[in-house]
Amino acid sequence: MRTDLSNTAVAGMDGEKERIRLAKRGLLVFFAMLVPLTVLGYALALTIDETFVLLLMWAPGLAAILTRLVRREGFKDISLKIGGKRTLKTVPMILLFPVAIGLFAYGIAWLTGLAQFAVPDDSFDAPPAVVFIGILLMQLTVGTLAGLFGAAGEEIGWRGYMITRMVDARVPKPMLTSGIIWGVWHLPVMILGAYYSGPNLALSILLFMFSVTSFSYILSRLRLTTGSVWPAIFLHASWNAVTQDVFDAFSKGENALLWTGESGILVALALLGAAWLMSRKPMSMRHL
(Lines give C-alpha, C1' and ligand atoms only; values in the text may rest on other atoms or scores of the structure.)
Protein backbone atom coordinates (compact mmCIF):
# COMPACT_ATOMS: atom_id res chain seq x y z
CA MET A 1 0.00 0.00 0.00
CA ARG A 2 2.83 2.38 0.81
CA THR A 3 4.45 1.52 -2.53
CA ASP A 4 1.24 2.32 -4.40
CA LEU A 5 0.91 5.65 -2.63
CA SER A 6 4.54 6.44 -3.37
CA ASN A 7 4.09 5.61 -7.06
CA THR A 8 0.96 7.77 -7.20
CA ALA A 9 2.82 10.69 -5.65
CA VAL A 10 5.69 10.33 -8.12
CA ALA A 11 3.25 10.15 -11.03
CA GLY A 12 1.52 13.26 -9.73
CA MET A 13 4.82 15.12 -9.48
CA ASP A 14 5.79 14.05 -12.98
CA GLY A 15 2.41 15.20 -14.30
CA GLU A 16 2.82 18.59 -12.63
CA LYS A 17 6.31 19.01 -14.08
CA GLU A 18 4.98 18.16 -17.53
CA ARG A 19 2.18 20.69 -17.15
CA ILE A 20 4.67 23.39 -16.19
CA ARG A 21 6.94 22.48 -19.11
CA LEU A 22 4.09 22.57 -21.63
CA ALA A 23 2.83 25.89 -20.27
CA LYS A 24 6.28 27.45 -20.59
CA ARG A 25 6.60 26.23 -24.18
CA GLY A 26 3.15 27.56 -24.96
CA LEU A 27 4.13 30.99 -23.64
CA LEU A 28 7.29 31.01 -25.74
CA VAL A 29 5.33 30.24 -28.91
CA PHE A 30 2.66 32.78 -27.97
CA PHE A 31 5.21 35.59 -27.60
CA ALA A 32 7.00 34.49 -30.76
CA MET A 33 3.69 34.91 -32.61
CA LEU A 34 2.67 38.08 -30.75
CA VAL A 35 5.74 40.20 -31.52
CA PRO A 36 5.56 40.15 -35.36
CA LEU A 37 1.76 40.49 -35.33
CA THR A 38 2.07 43.50 -33.02
CA VAL A 39 4.76 45.12 -35.17
CA LEU A 40 2.60 44.60 -38.26
CA GLY A 41 -0.46 46.05 -36.53
CA TYR A 42 1.42 49.12 -35.32
CA ALA A 43 3.05 49.67 -38.71
CA LEU A 44 -0.22 49.53 -40.62
CA ALA A 45 -2.18 51.60 -38.10
CA LEU A 46 0.43 54.36 -37.84
CA THR A 47 1.44 54.60 -41.50
CA ILE A 48 -1.63 53.64 -43.54
CA ASP A 49 -4.93 53.98 -41.72
CA GLU A 50 -6.24 53.98 -38.13
CA THR A 51 -8.71 51.21 -39.00
CA PHE A 52 -5.78 48.82 -38.72
CA VAL A 53 -5.97 49.40 -34.96
CA LEU A 54 -8.40 46.48 -35.01
CA LEU A 55 -5.62 44.28 -36.38
CA LEU A 56 -3.38 45.51 -33.57
CA MET A 57 -6.07 44.72 -30.98
CA TRP A 58 -6.42 41.25 -32.46
CA ALA A 59 -2.66 40.57 -32.39
CA PRO A 60 -2.88 38.85 -28.94
CA GLY A 61 -5.98 36.89 -29.96
CA LEU A 62 -4.46 35.74 -33.24
CA ALA A 63 -1.22 34.83 -31.46
CA ALA A 64 -3.19 32.70 -28.99
CA ILE A 65 -5.21 30.99 -31.74
CA LEU A 66 -2.12 30.27 -33.83
CA THR A 67 -0.28 28.93 -30.78
CA ARG A 68 -3.14 26.56 -29.99
CA LEU A 69 -3.16 25.34 -33.59
CA VAL A 70 0.62 24.93 -33.89
CA ARG A 71 0.91 23.15 -30.55
CA ARG A 72 -2.36 21.25 -30.95
CA GLU A 73 -3.53 22.43 -27.55
CA GLY A 74 -7.17 22.68 -28.53
CA PHE A 75 -9.60 25.44 -27.62
CA LYS A 76 -11.38 24.04 -24.58
CA ASP A 77 -9.66 26.27 -22.03
CA ILE A 78 -10.19 29.45 -24.03
CA SER A 79 -13.30 29.56 -21.83
CA LEU A 80 -15.89 30.99 -24.19
CA LYS A 81 -18.59 29.37 -22.09
CA ILE A 82 -20.72 31.76 -20.06
CA GLY A 83 -19.61 30.48 -16.67
CA GLY A 84 -22.98 30.20 -14.89
CA LYS A 85 -23.93 32.13 -11.77
CA ARG A 86 -20.39 33.32 -11.14
CA THR A 87 -20.42 35.17 -14.44
CA LEU A 88 -23.93 36.56 -13.96
CA LYS A 89 -22.88 38.00 -10.61
CA THR A 90 -20.25 40.10 -12.39
CA VAL A 91 -22.80 41.91 -14.60
CA PRO A 92 -23.46 44.80 -12.14
CA MET A 93 -19.72 45.30 -11.68
CA ILE A 94 -19.09 45.28 -15.45
CA LEU A 95 -21.72 47.98 -15.94
CA LEU A 96 -20.93 50.11 -12.91
CA PHE A 97 -17.13 49.84 -12.58
CA PRO A 98 -16.16 52.30 -15.38
CA VAL A 99 -18.88 54.71 -14.21
CA ALA A 100 -17.75 54.53 -10.58
CA ILE A 101 -14.08 55.09 -11.46
CA GLY A 102 -15.09 57.92 -13.79
CA LEU A 103 -17.33 59.70 -11.31
CA PHE A 104 -14.66 59.41 -8.62
CA ALA A 105 -11.56 60.42 -10.60
CA TYR A 106 -13.06 62.83 -13.11
CA GLY A 107 -15.55 64.13 -10.55
CA ILE A 108 -12.70 65.21 -8.28
CA ALA A 109 -10.95 66.87 -11.23
CA TRP A 110 -14.11 68.74 -12.27
CA LEU A 111 -15.01 69.86 -8.74
CA THR A 112 -11.50 71.07 -7.90
CA GLY A 113 -10.84 72.76 -11.23
CA LEU A 114 -8.01 70.40 -12.19
CA ALA A 115 -10.04 69.78 -15.34
CA GLN A 116 -13.11 71.48 -16.73
CA PHE A 117 -16.42 69.75 -17.37
CA ALA A 118 -17.34 70.79 -20.91
CA VAL A 119 -19.96 69.41 -23.29
CA PRO A 120 -18.39 68.25 -26.60
CA ASP A 121 -19.13 70.55 -29.54
CA ASP A 122 -20.83 67.82 -31.60
CA SER A 123 -23.33 66.89 -28.86
CA PHE A 124 -27.11 67.32 -29.12
CA ASP A 125 -28.73 70.51 -27.83
CA ALA A 126 -29.82 70.00 -24.22
CA PRO A 127 -28.74 70.96 -20.68
CA PRO A 128 -25.21 69.71 -19.91
CA ALA A 129 -26.37 67.15 -17.32
CA VAL A 130 -28.90 65.69 -19.78
CA VAL A 131 -26.29 65.48 -22.52
CA PHE A 132 -23.84 63.75 -20.17
CA ILE A 133 -26.36 61.18 -18.92
CA GLY A 134 -27.66 60.54 -22.43
CA ILE A 135 -24.21 59.91 -23.89
CA LEU A 136 -23.23 57.83 -20.85
CA LEU A 137 -26.25 55.55 -21.26
CA MET A 138 -25.62 55.24 -24.99
CA GLN A 139 -21.97 54.27 -24.47
CA LEU A 140 -22.84 51.82 -21.69
CA THR A 141 -25.08 49.97 -24.13
CA VAL A 142 -24.41 50.66 -27.81
CA GLY A 143 -20.80 51.73 -27.26
CA THR A 144 -19.98 48.62 -25.25
CA LEU A 145 -21.57 46.32 -27.82
CA ALA A 146 -19.71 48.08 -30.63
CA GLY A 147 -16.41 47.61 -28.81
CA LEU A 148 -16.81 43.89 -28.12
CA PHE A 149 -15.03 42.74 -31.28
CA GLY A 150 -11.85 44.68 -30.57
CA ALA A 151 -11.92 43.85 -26.86
CA ALA A 152 -12.37 40.15 -27.67
CA GLY A 153 -9.19 40.25 -29.77
CA GLU A 154 -7.15 41.38 -26.79
CA GLU A 155 -8.88 39.33 -24.12
CA ILE A 156 -8.76 36.02 -26.01
CA GLY A 157 -5.00 36.52 -26.03
CA TRP A 158 -4.22 38.16 -22.69
CA ARG A 159 -6.79 36.64 -20.36
CA GLY A 160 -7.90 33.71 -22.53
CA TYR A 161 -4.37 32.36 -23.00
CA MET A 162 -1.45 34.25 -21.46
CA ILE A 163 -2.70 34.48 -17.86
CA THR A 164 -3.75 30.81 -17.73
CA ARG A 165 -0.39 29.64 -19.09
CA MET A 166 1.41 31.87 -16.60
CA VAL A 167 -0.53 30.25 -13.77
CA ASP A 168 0.29 26.78 -15.11
CA ALA A 169 3.96 27.69 -15.64
CA ARG A 170 4.20 28.93 -12.04
CA VAL A 171 5.28 32.39 -13.15
CA PRO A 172 5.76 34.51 -9.99
CA LYS A 173 2.80 36.85 -9.40
CA PRO A 174 1.17 36.03 -12.76
CA MET A 175 -1.53 38.72 -12.59
CA LEU A 176 1.04 41.42 -11.89
CA THR A 177 3.45 40.10 -14.52
CA SER A 178 0.76 39.82 -17.19
CA GLY A 179 -0.40 43.36 -16.42
CA ILE A 180 3.09 44.76 -16.89
CA ILE A 181 3.39 42.94 -20.23
CA TRP A 182 0.01 44.32 -21.33
CA GLY A 183 1.10 47.83 -20.39
CA VAL A 184 4.43 47.60 -22.23
CA TRP A 185 2.55 46.33 -25.30
CA HIS A 186 0.69 49.68 -25.37
CA LEU A 187 3.72 51.92 -24.91
CA PRO A 188 4.82 52.39 -28.55
CA VAL A 189 1.59 54.24 -29.38
CA MET A 190 2.20 56.59 -26.43
CA ILE A 191 5.85 57.17 -27.26
CA LEU A 192 4.94 57.94 -30.88
CA GLY A 193 2.37 60.49 -29.71
CA ALA A 194 -0.68 58.68 -31.06
CA TYR A 195 -2.34 58.18 -27.65
CA TYR A 196 -3.57 60.53 -24.96
CA SER A 197 -0.77 61.59 -22.62
CA GLY A 198 -0.06 64.48 -20.30
CA PRO A 199 2.52 67.25 -20.60
CA ASN A 200 5.34 65.01 -19.31
CA LEU A 201 5.73 61.82 -21.36
CA ALA A 202 7.83 59.96 -18.78
CA LEU A 203 5.28 60.67 -16.04
CA SER A 204 2.43 59.72 -18.37
CA ILE A 205 4.08 56.37 -19.12
CA LEU A 206 4.61 55.67 -15.42
CA LEU A 207 1.00 56.53 -14.55
CA PHE A 208 -0.30 54.57 -17.53
CA MET A 209 1.61 51.48 -16.36
CA PHE A 210 -0.01 51.81 -12.93
CA SER A 211 -3.45 52.16 -14.53
CA VAL A 212 -3.09 49.29 -16.99
CA THR A 213 -1.47 46.91 -14.50
CA SER A 214 -4.23 47.59 -11.97
CA PHE A 215 -6.97 47.17 -14.58
CA SER A 216 -5.30 43.99 -15.83
CA TYR A 217 -5.43 42.56 -12.31
CA ILE A 218 -9.18 43.16 -12.23
CA LEU A 219 -9.71 41.61 -15.68
CA SER A 220 -7.52 38.61 -14.85
CA ARG A 221 -9.32 38.02 -11.59
CA LEU A 222 -12.67 38.07 -13.37
CA ARG A 223 -11.37 35.52 -15.88
CA LEU A 224 -9.88 33.20 -13.27
CA THR A 225 -12.74 33.33 -10.74
CA THR A 226 -15.59 32.88 -13.25
CA GLY A 227 -13.90 30.39 -15.56
CA SER A 228 -15.10 32.50 -18.49
CA VAL A 229 -13.36 35.08 -20.66
CA TRP A 230 -16.64 36.92 -21.36
CA PRO A 231 -16.65 39.12 -18.21
CA ALA A 232 -13.18 40.38 -19.15
CA ILE A 233 -14.28 41.05 -22.74
CA PHE A 234 -17.38 42.99 -21.68
CA LEU A 235 -15.58 44.99 -18.98
CA HIS A 236 -12.77 45.86 -21.39
CA ALA A 237 -15.29 47.06 -24.00
CA SER A 238 -17.33 48.93 -21.40
CA TRP A 239 -14.23 50.64 -20.00
CA ASN A 240 -13.14 51.86 -23.43
CA ALA A 241 -16.61 53.13 -24.32
CA VAL A 242 -17.34 54.90 -21.04
CA THR A 243 -13.90 56.25 -20.12
CA GLN A 244 -12.71 57.34 -23.55
CA ASP A 245 -15.98 58.35 -25.20
CA VAL A 246 -17.73 59.89 -22.19
CA PHE A 247 -15.46 61.05 -19.36
CA ASP A 248 -12.49 61.95 -21.56
CA ALA A 249 -14.79 63.66 -24.05
CA PHE A 250 -16.31 65.85 -21.32
CA SER A 251 -12.95 66.86 -19.81
CA LYS A 252 -11.11 69.93 -21.04
CA GLY A 253 -8.33 72.18 -19.80
CA GLU A 254 -4.61 72.71 -20.12
CA ASN A 255 -3.76 70.11 -17.46
CA ALA A 256 -6.71 67.79 -17.97
CA LEU A 257 -4.54 64.94 -19.27
CA LEU A 258 -2.23 65.23 -16.28
CA TRP A 259 -5.10 64.37 -13.91
CA THR A 260 -7.57 62.42 -16.01
CA GLY A 261 -7.43 59.77 -18.72
CA GLU A 262 -5.65 56.43 -18.52
CA SER A 263 -2.33 58.21 -17.97
CA GLY A 264 -3.79 60.70 -15.49
CA ILE A 265 -2.94 60.83 -11.79
CA LEU A 266 -6.50 60.51 -10.47
CA VAL A 267 -7.46 57.61 -12.73
CA ALA A 268 -4.25 55.74 -11.89
CA LEU A 269 -4.91 56.16 -8.16
CA ALA A 270 -8.56 55.12 -8.53
CA LEU A 271 -7.68 51.94 -10.46
CA LEU A 272 -4.86 51.09 -8.07
CA GLY A 273 -7.25 51.47 -5.15
CA ALA A 274 -9.90 49.33 -6.86
CA ALA A 275 -7.36 46.57 -7.56
CA TRP A 276 -6.16 46.69 -3.96
CA LEU A 277 -9.70 46.40 -2.60
CA MET A 278 -10.42 43.44 -4.90
CA SER A 279 -7.19 41.74 -3.83
CA ARG A 280 -8.39 41.80 -0.22
CA LYS A 281 -11.23 39.41 -1.06
CA PRO A 282 -10.69 35.63 -1.04
CA MET A 283 -10.11 34.25 -4.53
CA SER A 284 -11.52 30.91 -5.64
CA MET A 285 -9.92 30.08 -8.97
CA ARG A 286 -11.73 28.37 -11.84
CA HIS A 287 -8.95 27.76 -14.29
CA LEU A 288 -11.12 26.46 -17.15
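1. Basis. The model is predicted, so that local features need pLDDT of at least 70 and side-chain atom pairs count only at pLDDT 80 or more, while totals for chains, interfaces and linings use all residues. Residues are numbered from 1 along each chain as its sequence is written, and side-chain values use heavy atoms, with hydrogens and water left out.

2. Helix α3. Helices here are DSSP runs (H or I, at least four residues), numbered from the N terminus. Helix α3 covers residues 59-71 and reaches 18 Å from first to last C-alpha, close to the 18 Å expected at 1.5 Å a residue; the expected span is 1.5 Å times one less than the number of residues. Its buried residues (buried being under 20% relative accessible area, exposed over 50%, and partly exposed in between, with a 1.4 Å probe and protein chains only) are A59, P60, G61, A63, A64, T67 and R68. R72, which follows α3, has a positive phi near 55°.

3. Helix α9. With 26 residues, α9 spans 37 Å between its first and last C-alpha, close to an expected 38 Å, and it is mostly covered, 21 of the 26 residues being buried. At its start, a side-chain oxygen of N200 comes to within 3.1 Å of the backbone nitrogen of A202, and after the helix comes G227, with a positive phi near 75°.

4. Largest pocket. A pocket is an open set of points on a 1 Å grid over the protein atoms alone, where a 1.4 Å probe fits, with protein on both sides within 12 Å along at least five of seven lines; lining residues have an atom within 4 Å of a point. The largest pocket has a volume of about 960 Å³, a volume being the space filled by probe spheres set on the points, which are joined across faces, edges and corners. Of its 35 lining residues, V53, M57, Y195, N240 and Q244 are the closest to the centre. Helix α10 gives the largest share of the lining, seven residues.

5. Second largest pocket. This pocket holds about 520 Å³ of space and is lined by 18 residues, with M93, R221, L222, M278 and K281 nearest its centre. Helices α5, α9 and α12 each supply at least two residues of that lining.

6. D168. Why does D168 count as buried? Its relative accessible area is 9%, and its side chain makes a polar contact (a pair of N or O atoms within 3.5 Å, one able to donate a hydrogen and the other to accept it) with the side chain of R19, at 3.1 Å. D168 belongs to helix α7.

7. Aromatic pairs. Rings of Phe, Tyr and Trp (its six-membered ring) pair if their centres lie within 6.5 Å, and planes under 30 degrees apart count as stacked, over 60 as edge-to-face and the rest as tilted; the count comes to 19 aromatic pairs. The rings of Y106 and F247 have centres 5.2 Å apart and planes at 35°, so this pair is tilted. Because Y106 lies in α5 and F247 in α10, the pair ties together parts that are 141 residues apart in sequence. Y106 is buried at 1%, as is F247 at 0% relative accessible area. W230 and F234 form another tilted pair, with centres 6.2 Å apart and planes at 50°; both lie in α10, four residues apart, about one turn of the helix.
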